[in-house]
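We will go from one selection to the next.

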Amino acid sequence: MTSDTGIDPRVPPSGTGCVECDAAGGWWFHLRRCAQCGHIGCCDDSAGKHATAHHRATGHPVIRSYEPGEGWFWNYDTNELYETGPELAPPVSHPPDQPAPGPVGRVPANWADVLR
């Protein structure tokens, strides 16, 4: 990855789950981290699509997966996927014991049908 604008490696993530889903008592499929401000939002396979909504509201162009073991980045402005990129402030993922979908206790039993 080149040195894209919109990446601040010093900023920590906003938490362990999607900011908007947590506020509403909702749930998510996978999580994404804004590489500029640290906002944690849910992916486009989640009902809320809050990571993309954050990009649209702020113009922050780059996200990183917030899933354990994943280090890829996506640039919304260029529609480019980067397999790797700069190290971001820890933690680099949600807690490994937090399932996907998550969080525990808020995922409906029919979650796969809900996401179709």
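The tour visits the salt bridges and then a pocket.

This is a predicted model, where local features need pLDDT of at least 70, side-chain atom pairs count only at pLDDT 80 or more, and totals for chains, interfaces and linings use all residues. Residues are numbered from 1 along each chain as its sequence is written, and side-chain values use heavy atoms, with hydrogens and water left out.

**Salt bridges**

The whole structure holds three salt bridges (a side-chain nitrogen of Lys or Arg within 4 Å of a carboxyl oxygen of Asp or Glu).

Select Asp8 and Arg10: their side chains form a salt bridge, 2.9 Å from N to O. Asp8 is buried at 18% relative accessible area, while Arg10 is exposed at 70% (buried is under 20%, exposed over 50%, partly exposed in between, with a 1.4 Å probe and protein chains only).

Next, pick Arg106 and Asp22, whose closest N and O atoms are 2.6 Å apart in a salt bridge. This pair links distant parts of the chain, 84 residues apart: Arg106 lies in the loop between β5 (80-82) and α3 (111-114), and Asp22 in helix α1 (residues 19-24). Helices (H or I, at least four residues) and strands (E, at least two) are DSSP runs, numbered from the N terminus.

Then select Asp113 and Arg116, a salt bridge of 3.1 Å, N to O. Asp113 is partly exposed at 45%; Arg116 is exposed at 76%.

**Last stop**

Finally, select Arg32, Cys43, Asp44, Asp45, Ala51, Thr52, Ile63, Trp72, Trp74, Tyr76 and Leu81, which line the largest pocket (on a 1 Å grid over the protein atoms alone, an open set of points where a 1.4 Å probe fits, with protein on both sides within 12 Å along at least five of seven lines; lining residues have an atom within 4 Å of a point).
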